[in-house]
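Dear colleague,

I am handing over the structure we spoke of, and the notes that follow set out what was found in it. Please read them with the model open beside you.

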Amino acid sequence: TALPICGQEVVLDWIVERKRFDDLSGSIIDGRFGEQKGRLHECGCSQVIYLIERCHFRKQKSLPEASIKQAIVNTQVRDKFIVRKTADFTETVAYLTLMTRLISDLYESKVLTICPKSELAVHEAKPRTAVMTFDEFNKASVKSKPFSVRDMFIKQLIAIHGVSVEKAYAITDIFSTPTLLWEAYDSCSSEDQKMQMLATIQCGKGNRKLGPKLSKQIYEYYHFG
């Protein structure tokens with residue numbers, strides 16, 4: 001249920017994650033990269049900007065240039081984030097200043113209402129005028145929250161080539177743990193049925209299906225027989 005704002009602090013539908021190029025390399029290596037993107041998917045904002053600062057590719061001792069480029073492409077194509085690159089801190093400040101003005105103009109004449117984060121997805125107006133409180137956003141963004149079995153399952157799934165965070169969430173909406181997935185496979189009457197079991201799962205705004213190729217790939221990843 002949407003409620004009037006009444007002076008409360010709220011979060012608009014935009015969020016920016018800024019990464020210096022050297023930190024991007026380090027976060028890919030230690031696993032923070034995937035974890036941070038997972039939190040961005042769950043934060044409640046549909047317009048996610050991944051801002052990469054100092055993006056002239058200098059040789060990295062610990063990670064090949066091609067790996068970093070591929071990670072950036074995946075962020076744009078698989079995660080569907082808006083990727084922007086700046087040459088240095090000054091250009092970053094200029095970009096953020098411009099975006100602040102554009103977003104301010106976008107919402108200037110809009111009437112905002114508060115609704116729970118869990119209900120934001122049903123509000124499809126552009127720009128989205130249903131917003132969550134900053135307090136709810138802040139609590140949902142805490143890094144120290146313990147991982148659930150589902151959280152760990154999502155991390156496993158996105159390690160499979162072709163499985164984005166969005167697709168992983170769609171799968172775990174139906175099978176929240178690996179055990180439930182294995183039990184569903186066991187209930188299938190044939191190998192072909194097992195391989196195609198996930199093909200019709202829909203995800204994303206366009207409700208696109210995972211498809212037979214990815215379904216087979218996931219089955220082969222979790223098939224131990």
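**Cysteines**

C115 is buried, with a relative accessibility of 2%, and C188 is likewise buried, at a relative accessible area of 12%; both values fall under the 20% limit for that class. Please bear in mind throughout that this is a predicted model. In general terms, a disulfide is a covalent bond between the sulfur atoms of two cysteines. The count of disulfides in this model comes to 0, the criterion being a pair of cysteine sulfur atoms within 2.5 Å.

**Confidence**

The protein chain has an average pLDDT of 84, and 90% of its residues score at least 70. Where is the confidence lowest, and where is it highest? The lowest mean, 53, belongs to strand β1 (residues 3–4), whereas helix α9 (residues 191–195) has the highest, at 94.

**Aromatic rings**

The count of aromatic pairs comes to 6. One of them is formed by F153 and Y222, whose rings are arranged edge-to-face, with 5.7 Å from centre to centre and 80 degrees between the planes. Because F153 lies in helix α6 (residues 149–157) and Y222 in helix α10 (residues 212–222), this pair ties together parts that are 69 residues apart in sequence. Are the two partners buried or exposed? F153 counts as buried, at 0% relative accessibility, and Y222 counts as buried too, at 4%.

Y222 also forms an aromatic pair with Y221, again edge-to-face, in which the centres are 5.0 Å apart and the planes stand at 70 degrees. Y221, at 41% relative accessibility, counts as partly exposed, whereas Y222 is buried. Elsewhere, ring pairs link F33, Y50 and F81 into a cluster.

**A backbone point to check**

Most residues other than glycine have a negative phi. K80, which is not a glycine, has a positive phi, near 60 degrees. Where in the chain is K80 found? The residue sits in the loop between α3 (65–77) and β5 (82–86), and K80 is exposed, with a relative accessible area of 55%.

With kind regards

Notes
Residues numbered from 1 in each chain as written. Predicted model: local features only at pLDDT ≥ 70, side-chain atom pairs only at ≥ 80, totals over all residues. Heavy atoms only, no water. Helix = DSSP H or I, 4+ residues; strand = E, 2+ residues; numbered from the N terminus. Buried < 20%, exposed > 50% of the residue type's maximum accessible area, 1.4 Å probe, protein only. Phe/Tyr/Trp six-rings, centres within 6.5 Å; stacked < 30°, edge-to-face > 60°. pLDDT = per-residue confidence, 0-100.
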